[in-house]
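Please walk me through this structure, one side chain at a time.

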Amino acid sequence: MEDIKSQIKELRLGEKIRKLRQERRLTLQELSELSGLSKPLLSQIENDQVTPPIATLLKISKGLKVGIHFFFEEEEDQQKFVLTRAVEQATSRRRTGNDAPHGYVYRSLAPGIRHKPMEPFLVEFELREWEDGFFYKHDGFEFIYLLEGELEFHYGSETMRLLPGDSIYYVSSEPHGYVSVGGGKAMAVAVLYSRD
């Protein structure tokens with residue numbers, strides 16, 4: 001079974017972004033202006049040199065006028081429910097290396113359903129020191145339920161420490177970010193809701 005990093009590569013995010021950008025008849029420069037992301041970064045993402053963190057993917061989806069769910073679904077996805085067994089979750093707990101973008105790797109927990117208004121993820125946070133560059137903000141709401149490890153959650157000027165079983169629901173238009181602290185990597189279920 002594959003780890004999270006292998007699974008996100010299988011999503012072919014770069015290919016999907018390029019195809020949609022071309023269908024919208026947008027240049028990289030135009031998408032850069034619409035998303036607020038640099039042209040070189042967009043080029044790296046399209047060429048699968050960089051795996052975009054969720055907040056970056058949200059900016060791209062807004063620029064391309066699609067919901068974030070677009071990137072986690074396939075044409076044939078028509079299911080009305082998705083059951084994810086615990087045994088499948090265990091396969092995602094292996095080490096994923098230290099080159100995760102912005103300190104975490106993620107995978108969708110509900111592939112197979114199209115046009116979802118909310119997107120659930122399994123997120124594994126890398127161990128690292130907090131930097132203000134980790135702050136993100138975007139439209140919508142998020143919910144995080146910590147499964148294991150310790151997570152330092154930054155929300156505006158506040159800093160909170162989450163332990164297993166703790167959860168937080170927040171407006172994501174405020175600057176926020178997180179890092180794994182303590183003895184091992186933190187893992188959480190995160191649910192993202194975006195109006196767009």
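This is a predicted model: local features need pLDDT of at least 70, side-chain atom pairs count only at pLDDT 80 or more; totals for chains, interfaces and linings use all residues.

Residues are numbered from 1 along each chain as its sequence is written, and side-chain values use heavy atoms, with hydrogens and water left out.

Start with serine 61. It is found in helix α5, residues 54-63. Helices (H or I, at least four residues) and strands (E, at least two) are DSSP runs, numbered from the N terminus. Is serine 61 buried or exposed? Serine 61 is buried, because its relative accessible area is 3%. Buried means under 20% relative accessible area, exposed means over 50%, and partly exposed lies in between (1.4 Å probe, protein chains only).

Now look at what surrounds serine 61. Its side chain reaches the backbone oxygen of leucine 58 at 2.8 Å. Set aside the neighbours within four places in sequence, and serine 61 is in contact with Val66, Gly67, Ile68 and Phe71. Contact means heavy atoms within 4.5 Å.

Next come the charges. Side chains of opposite charge can pair when their charged atoms come close. A salt bridge is a side-chain nitrogen of Lys or Arg within 4 Å of a carboxyl oxygen of Asp or Glu. The structure holds eight salt bridges.

Aspartate 139 has a relative accessible area of 33%, so it is partly exposed. Lysine 62 is partly exposed too, with a relative accessible area of 46%.

Which residue forms a salt bridge with glutamate 124? The partner is lysine 185, and the closest N and O atoms are 3.7 Å apart. Here too distant parts of the chain are linked: glutamate 124 sits in strand β2, lysine 185 sits in the loop between β7 (176-181) and β8 (186-193), and 61 residues separate them. Both glutamate 124 and lysine 185 are buried.

Arginine 161 and glutamate 152 also meet in a salt bridge, at 3.7 Å from N to O. Arginine 161 counts as partly exposed because its relative accessibility is 48%. Glutamate 152 is at 16%, so it counts as buried. Elsewhere, Arg18, Arg21 and Glu46 are linked in a network of salt bridges.

Finally, turn to the rings. Rings of Phe, Tyr and Trp (its six-membered ring) pair if their centres lie within 6.5 Å; planes under 30 degrees apart count as stacked, over 60 as edge-to-face and the rest as tilted. The structure holds 11 aromatic pairs. In one of them, phenylalanine 70 and phenylalanine 71 have ring centres 5.3 Å apart and planes at 90°, so the pair is edge-to-face. Phenylalanine 70 is partly exposed, at 25% relative accessibility. Phenylalanine 71 is buried, at 0%.

Compare phenylalanine 153 and tyrosine 178. Their ring centres are 6.0 Å apart and their planes are at 25°, so the pair is stacked. Phenylalanine 153 lies in strand β4 (residues 150-155) and tyrosine 178 in strand β7, so the pair ties together parts 25 residues apart in sequence. Phenylalanine 153 and tyrosine 178 are both buried. They belong to one aromatic cluster, formed by Phe125, Phe153, Tyr155, Tyr170 and Tyr178.

Key: A polar contact is a pair of N or O atoms within 3.5 Å; within protein, one must be able to donate a hydrogen and the other to accept it, and residues adjacent in sequence count only if both atoms are side-chain atoms.
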